[in-house]
Amino acid sequence: MSAEQSLKGRKIIIHDMSLRDGMHAKREQMSIEQMVTIATALDDAGVPLIQVTHGAGMGGNSLQHGFAPHSNEEYISAVASKMKQAKISVLLIPGLGTMKELKSAYDCGARSVHVATHCTEADTSPQHIAFARKLGMDTTGFLMMAHLNTPEGLAQQGKLMESYGAQTVYITDSAGYMLPADVKARVAALRAVLKPETEIGFHGHHNMGMGIANSIAAIEEGASRIDASVAGLGAGAGNTPLEVFAAVCERMGIVTGCDLFKLMDMAEDIIVPMMDHMVRVDRSSLTLGFAGVYSTFLLHAKRAAERFGVPARDILVELGRKKMIGGQEDMIVDTAMTMAKERGLLKDAAA
Amino acid sequence: MKKIRCALIGSGNIGTDLIYKIQRSPFLEPVWMVGIDPESEGLARARDMGLKTTAAGVDGLLPHVLEDNIQIAFDATSAYVHAENSRKLNELGVMMIDLTPAAIGPLCVPPVNLKAHAEKVEMNVNMISCAGQATIPIVFAVSRIQAVGYGEIVASLASKSIGPGTRANLDEFTYTTSNAIEIVGGARKGKALAIINPAEPPMMMRNTISCLTDDEPDQAKITESVLEMIKEVQKYVPGYRLVNGPLFDGKRVTVFMEVAGLGDYLPKYAGNLDIMTAAATRTAEMFAQEIIAGTIQLKSPEVA
């Protein structure tokens, strides 16, 4: 039986990332008006879950991750009150965001959360997952940079998150590094250990052009939730492009409940015109995927490259070699400065 | 020379590393190690190193405090039990050094405010967090030159150096450290970020400190102040090292630090463990020196 036939009638839940991962692509500078316009269009197109926060989630407003013009509370309140059917979700990375901030997001109308840890550090999330469940939120454990753990290792981490109360466990390809076989092995390993009622999700980045293929591979192995962004608006070469993914699903008979033409129209008429740069696979974003580097590092590396005269690709490759992970954006400038000193472009302040 | 006799509460990474630091001190002597699990590796190691041990928690130590003349105790358990531990030992005249995020006593960063605490004979001082010890001296080095409206620190820690207690309670770490950036560091608003990195071989502890000054930063004065402060910290943490900066970007000042440990209990990458235990030891030594010299007297039970 071909995959096309076997997936016919399968129901999946699309989770839009345009207003969270997309914040990275906009250097965190989206206006409330833009957020409301996009969320309203998504709601109208039948997208059931929409993530709305600073790109780094709760507590993201910082020198490390950039300051957005508005607080998470302001964005969430503005969007949540306008939704007819969609639920608003948030991102919470323990160590950056806290339970206080989650409670405040909930009070503004957020009803779903991705509690995110690096793919080997699930045990930093028990407080936050348990608290989200206590609030009655749809709670996901989100294992980032999932290519850096083996399928078996990742399954154990997912099992931990399930034990804390996560109802869904996500495989998060933060670097856009994975190929379909990598995704399949990880979904299968999770499916083998998680309870049947625990859902599995996949969050892709398009750095190697594999966002859609990887998402379909995940569904083939039993994933039922897929993160995507309209026109791919997200970090690196963007997320799995939502309207393209919806079209593929429709052809394969996978049921998303979304209106394809409305999604196509909003991609063309709303998202693409507001992009600061074309979100696509270019030399730097391809380097991220190829070297397995956190997608959000892209724009930071480009800025450091301009300032210190070390090419962005060299910085990204070095960050990959040093095994830097999500959240270590400070190490981009640090690495660029160290490389600039080695190349005689910068003097040591302490010397 | 007379040494002040100490008890260590908590037989995890921190408590065990403290034994090494205290044994080397000319002013302190480790006498008791308190745990709650008779099978724990920490208690076994403490016995091997010549300490008396109990697996009955603080209550197992209390009957021996006076006869063994314990004057200083280090608490490396958890924020939840610290208050009780402190109350029981303070009652017996034992001064408490708190390495949990409980922070019921004043916050202490040795090169910034230790002397003031010792002069006041505080009976409980809190060591904040590893990231606090590694970063607040730098925030203070900037804020003593000119006003800092916002101080933000990012601590990257090797996964292997973070014990189960910290992992399960990351929010407490965030709150305690953020608060101390303000109260001790002198920033009007503080924010702390922690990242746990599992790279193999484990990465050294890294800390990035950013300050936003109200006015254009005086680059020469701030650089001099930061370099001076680094030397002060190096007196008790030799592996405290400037990697890059100070970097000036408008009103933003950024300093990139690395902390290598001494490799006593955990390997050198666990600079976070070392800077915490070294700061606690330095704090105890300051009190011990004053007690030995007779310049301060701990509040004995009769007086209290």
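**Close-up 1. The buried residues of helix H9 in chain A of this predicted model.** In H9(A), the buried residues are Gly211(A), Ile212(A), Asn214(A), Ser215(A), Ile216(A), Ala217(A), Ala218(A) and Ile219(A). That makes eight of the 10 residues in the helix, which spans residues 211-220, so H9(A) is largely enclosed by the rest of the structure. Here a residue counts as buried when 20 or more other C-beta atoms lie within 10 Å of its own. And what does the covering? Chain A itself supplies strand E6 (168-172), helix H8 (180-193), strand E7 (199-203), strand E8 (225-228) and helix H10 (242-252), among the elements that cover these buried residues.

**Close-up 2. Helices H6 and H8 of chain B, packed against each other.** H6(B) covers residues 130-143 and H8(B) residues 170-183; their axes sit 10 Å apart at an angle of about 20°. The two helices are therefore roughly parallel to each other, as angles under 35 degrees count that way. Their crossing is right-handed. From H6(B), the contact uses Ala131(B), Gly132(B), Ile136(B) and Val139(B), while H8(B) brings Thr177(B), Ala180(B) and Ile181(B). Sorted by class, that contact of H6(B) with H8(B) comes to five nonpolar residues, two polar ones and no charged ones.

**Close-up 3. Where chain B touches chain A.** Chain B puts 30 residues into this contact and chain A puts in 26. On the chain B side, the elements giving two or more residues are strand E7 (148-158), helix H7 (164-168), H8, strand E8 (187-197), strand E9 (205-213), helix H9 (219-234), strand E10 (240-249) and strand E11 (252-259). Which of them gives the most? That would be E8(B), with six residues. By class, the side of chain B that touches chain A has 14 nonpolar, 10 polar and six charged residues.

**Close-up 4. Stepping back to chain B as a whole.** Chain B has 10 helices and 11 strands. Its radius of gyration is 19 Å, close to the 19 Å that the globule rule gives for 304 residues, so chain B is as compact as a globular protein of that length. Along the principal axes, its C-alpha atoms fill a box of roughly 60 × 45 × 35 Å. Of the 304 residues, 59% count as buried. Among chain B contacts with a separation of 6 or more, 70% come from residues 24 or more positions apart.

Technical notes. Residues numbered from 1 in each chain as written. Chains lettered and ligands numbered in written order. Predicted model: local features only at pLDDT ≥ 70, side-chain atom pairs only at ≥ 80, totals over all residues. Axes fitted to C-alpha atoms, helices over the stretch in contact; angles between N-to-C directions. Helix = DSSP H or I, 4+ residues; strand = E, 2+ residues; numbered from the N terminus. Parallel < 35°, antiparallel > 145°, perpendicular 65-115°, else oblique. Left-handed = near helix turned anticlockwise from the far one by under 90°. Contact = placed C-beta atoms within 7 Å. Nonpolar A, V, L, I, M, F, W, Y, C, P; charged D, E, K, R; others polar. Rg over C-alpha atoms; globule rule 2.2 N^0.38 Å. Buried ≥ 20, exposed ≤ 12 C-beta atoms within 10 Å, placed from the backbone.
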